[in-house]
Amino acid sequence: MKFLIKLLFTILFCISVISGETLIYDVGFRLFDAGEAKISTNTVNFRDKPALHIRSEIYTSSFLDYFYRVRDKIDVWADPQDLTLISVKKDIHEGRYTRQYEARISEDMRVFSGNNIYQLEEKVYDPLAAIFMIRQQDLHIGDTFSFSTFEMGSVQKVLVKVEDAEEQSVPAGDFECLRVVPVSEDGKPLFKNKGEMMVWFSLDGSHLPVRIEQKTNVGDLILRLRSVKD
């Protein structure tokens, strides 16, 4: 179920548009509801500089709590110009698994996490902020582009492919969308258990991530957009 953290790996705008936005999703498998996901954005002053604060929260339903309780919170502070990572804090509770992780990145691209300090070769995105970066792109069928993500201390090259146009019906309404697929640049599985992901972005100017779907070892987990709040 740690794939829940990475399910949110697909949402982005320019800061003047996304700040103050909240996206709310119904989370479920093919046959039953699993809970709710919420992603919110705000412009803040972080370390005496402007930043985009992105927060995600995932909760399983009261029914699923009896079998596998999930309470995940992720806070990301990103550069307001390009949305690359400044700082991240993750509080993960999934069943018996718990983990707290914090890291910050200096202007010379050094990572400070607990007692660990190491150098990055390039700017990186948290998977959550990378979603918003994708939304910022001028997407067309057949496009590909790449970037590097930073997740719990690991850097990974990601290739994004814009595959096709499809219509999607979700609780928030009916949308004409582009199907986007992130894969690893080296051909290795991007997610645990060889999971695959697809994201459908609306074809309007907002490029809303209308539907997010990931194959897992326990079935297809799906996020369907329920509402957007400003």
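Arg47 counts as partly exposed because its relative accessibility is 40%; here buried means under 20% relative accessible area, exposed means over 50%, and partly exposed lies in between, with a 1.4 Å probe and protein chains only. Arg47 also has a positive phi of about 55°, although it is not a glycine. Its place is the loop between S2 and S3, where strands (E, at least two residues) and helices (H or I, at least four) are DSSP runs numbered from the N terminus.

Before I continue, a word on the model. It is a predicted model, in which local features need pLDDT of at least 70 and side-chain atom pairs count only at pLDDT 80 or more, while totals for chains, interfaces and linings use all residues. Residues are numbered from 1 along each chain as its sequence is written, and side-chain values use heavy atoms, with hydrogens and water left out.

Met152 is not a glycine, yet it has a positive phi of about 55°. Met152 sits in the loop between S9 and strand S10 (154-170), and it is buried, with a relative accessible area of 16%.

I turn now to the charged pairs. Side chains of opposite charge can pair when their charged atoms come close. How many salt bridges does a search of the whole structure find? The search finds 14, a salt bridge being a side-chain nitrogen of Lys or Arg within 4 Å of a carboxyl oxygen of Asp or Glu.

One of them joins Arg226 to Glu36, with the closest N and O atoms 2.9 Å apart. Arg226 lies in strand S14 (residues 219-229) and Glu36 in strand S2 (residues 33-46), so this pair ties together parts that are 190 residues apart in sequence. Arg226 is partly exposed at a relative accessible area of 33%, and Glu36 is partly exposed at 26%. Both residues belong to a network of salt bridges that links Asp26, Glu36 and Arg226.

Another salt bridge is formed by Lys90 and Glu151, whose closest N and O atoms are 2.5 Å apart. Lys90 in strand S5 (residues 85-94) and Glu151 in strand S9 (residues 144-151) are 61 residues apart, and the pair links distant parts of the chain. Are these two residues buried or exposed? Lys90 is buried, with a relative accessible area of 2%, and Glu151 also counts as buried, at 12%.

A further pair is Arg71 with Asp65, at 2.8 Å between the closest N and O atoms. Asp65 counts as partly exposed, at 21% relative accessibility.

Next, the surface. Phe63, Tyr66 and Phe67 make a nonpolar surface patch of about 470 Å². Tyr66 is placed in the loop between helix H3 (62-65) and strand S4 (71-78), and at 73% relative accessibility it counts as exposed.

Finally, the largest pocket. Its volume is about 430 Å³. Which residues are closest to its centre? Of the 17 residues that line the pocket, they are Asp79, Ile86, Ile105, Ser106 and Glu107. Strand S3 (49-60) and S5 each supply at least two residues of the lining. By type, the lining of the largest pocket divides into nine nonpolar, two polar and six charged residues.

How values were computed. Patches are made of residues with over 30% relative accessible area and no salt bridge: like charges are joined within 9 Å, nonpolar side chains (Val, Leu, Ile, Met, Phe, Trp, Tyr) within 5 Å. Accessible areas come from the Shrake-Rupley method with a 1.4 Å probe; for residues, only the protein chains shown count as cover. On a 1 Å grid over the protein atoms alone, a cavity is a set of points where a 1.4 Å probe fits but cannot get out, and a pocket is an open set with protein on both sides within 12 Å along at least five of seven lines; lining residues have an atom within 4 Å of a point. Grid points are joined across faces, edges and corners, and a volume is the space filled by probe spheres set on the points. Ala, Val, Leu, Ile, Met, Phe, Trp, Tyr, Cys and Pro count as nonpolar, Asp, Glu, Lys and Arg as charged, and the others, Gly among them, as polar.
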